Amino acid sequence: MSKKKPLNVGLVGYGFMGRTHSNAYGKVNQFFDLDRRPVLKAVCGRTESNVKAFAERWGYQSTETDWHKLLSRSDIDLVDIATPNDSHAEIAIAAAEAGKMVMCEKPLGRNPAEASGMVAAVESAGTPNMVWYNYRRVPAVTLAKHIIDEGRLGKIFHYRAKFLQDWTISKDLPQGGAGLWRLDASVSGSGVTGDLLAHCVDTAIWLNGPIQSVTGMTETFIKERRHNLSGKIERVTIDDASAFLARFDNGALATFEATRYARGHKALYTLEINGENASIFWDLHDLHRLHYFDHRDEGQLRGWRSLHITDGDHPYMKHWWVPGLQIGYEHTFIHQVADFLEGLRTGKAAAPTFRDALATDLVTDAVLKSAKSGRWETVGRA
Ligand SMILES: NC(=O)c1ccc[n+]([C@@H]2O[C@H](COP(=O)([O-])OP(=O)(O)OC[C@H]3O[C@@H](n4cnc5c(N)ncnc54)[C@H](O)[C@@H]3O)[C@@H](O)[C@H]2O)c1
């Protein structure tokens, strides 16, 4: 039996993210030396047979079908929210008020008003909190952060990010309900702006500092779809594609683009940063590589280096296999849990906190406002 202090987890939602989080809680102590041990105490979902099957597969000790019940249990320390966006605020605020630690999926809220309420709740309860912007913890992206913080790029001129998918091109795809709630803005808050660009914005703020102002455009290519819940043809309320220009506080200019209409691309998140001395490029489809160009290299040998981020001195990698062997997507969630637990030990909150994630919601909100107004919008401060 482990002598580590248990951290009893109550997970809400057992879909895509429920699986990644459960996997992370189960693996983290095998690979990281931590003083806390997550215990899969309870999972909550609305359909009893499904939630029981999930609990059986992943090793949860108990199940609930109403999240209020989960929050009222004295044997739950941490509430983990992996439900669609329309329930984040209600569950997170109630969890904080019940004195639970809270981890929440992104985007924090459907809009800044919801997200601000969530920040206020966790801060007034003084409870540890974190948002699952997991791409910060791809070792190659973490290394990019270290390289930038060391000043190797010099003054940063450009930031460029894209997140491209192609799964909603068919006009016959319905909207709403299980699996397709992302196409219904009353549940998701927005389309690709809050879903995909939120990831790009979180990484961008982390790597390059606050975003000052934006000008954006959005489009809904398919205007009507059958709604899975009403059975009727209804107007589509999300943005199918979104692109914006931005100015950072540090003077850098940026372009961001996300769409679910880029035929051939499934989850192509790319980012590039160009500085006075050096540039960085990263691509989610090749996530264990960081591309680096340094103008100060010797002339004839100067060129883009493709760094294979698998060595023991690369971020997180000493916890995994031997140099040269790659890790993948699911590991980013394990890293996030490890950092959260380490934050509990040191008392220094692991980022992104709810307040950090509010900054992202403020940017995506300004993009949507600008797409309507046709003007540059100033981004509010978290
Ligand atoms: N960090 C990432 O990279 C990433 C990736 C995908 C999704 N997400 C976010 O994670 C969240 C969930 O997305 P997903 O793809 O896992 O969705 P999903 O549809 O696969 O799963 C959602 C789950 O929530 C359950 N649920 C819905 N309402 C509930 C309620 N009231 N009580 C209990 N359970 C409820 C559903 O039954 C389902 O099990 C969203 O906020 C999404 O934006 C983040």
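Residues are numbered from 1 along each chain as its sequence is written, and side-chain values rest on heavy atoms, with hydrogens and water left out. In this predicted model, local features need a pLDDT of at least 70 and side-chain atom pairs count only at pLDDT 80 or more, while totals for chains, interfaces and linings use all residues.

The structure holds 21 aromatic pairs, where rings of Phe, Tyr and Trp (its six-membered ring) pair if their centres lie within 6.5 Å, and where planes under 30 degrees apart count as stacked, over 60 as edge-to-face and the rest as tilted. In one of these pairs, the ring centres of Tyr269 and Trp282 are 5.3 Å apart and the planes stand at 90 degrees, so the pair is edge-to-face. This pair links distant parts of the chain, with Tyr269 in strand β13 (residues 268-275) and Trp282 in strand β14 (residues 278-283), 13 residues apart; strands (E, at least two residues) and helices (H or I, at least four) are DSSP runs, numbered from the N terminus. Both Tyr269 and Trp282 are buried, a term that means under 20% relative accessible area, whereas exposed means over 50% and partly exposed lies in between (1.4 Å probe, protein chains only).

A second pair is formed by Phe293 and Trp304, whose ring centres are 5.8 Å apart and whose planes are at 50 degrees, so the pair is tilted. This pair, too, links distant parts of the chain, since Phe293 belongs to strand β15 (residues 289-294) and Trp304 to the loop between β15 and β16 (305-308), 11 residues apart. Phe293 is partly exposed, with a relative accessible area of 22%, and Trp304, at 47% relative accessibility, also counts as partly exposed. One aromatic cluster is formed by Phe16, Tyr25, Trp132, Tyr135, Phe163, Tyr269, Trp282, Tyr329 and Phe333.

His227 is found in the loop between β9 (224-226) and β10 (233-235), and at 6% relative accessibility this residue counts as buried. Leaving aside residues up to four places away in sequence, His227 touches Gln175, Gly176, Gly177, Asp184, Lys232 and Glu234, contact being defined by heavy atoms within 4.5 Å.

The largest pocket holds about 1200 Å³ of space. Of the 45 residues that line the largest pocket, Ala82, Thr83, Pro84, Trp181 and Arg182 are the closest to its centre. On a 1 Å grid over the protein atoms alone, a pocket is an open set of points where a 1.4 Å probe fits, with protein on both sides within 12 Å along at least five of seven lines, and lining residues have an atom within 4 Å of a point. Grid points are joined across faces, edges and corners, and a volume is the space filled by probe spheres set on the points. The largest share of this lining, three residues, comes from α8.

About 470 Å³ of space lies in the second largest pocket, which is lined by 25 residues, with Gly189, Ser190, Asp239, Leu368 and Lys372 nearest its centre. Here the largest share of the lining, seven residues, is supplied by α10.

In helix α4, the buried residues are His88, Ala89, Ile91, Ala92, Ala95 and Ala96, and what covers them includes β1 (5-12), α3 (67-71), β4 (78-81), β5 (101-104), α5 (112-125) and α10. Just after α4, Gly99 takes a positive phi of about 80 degrees.
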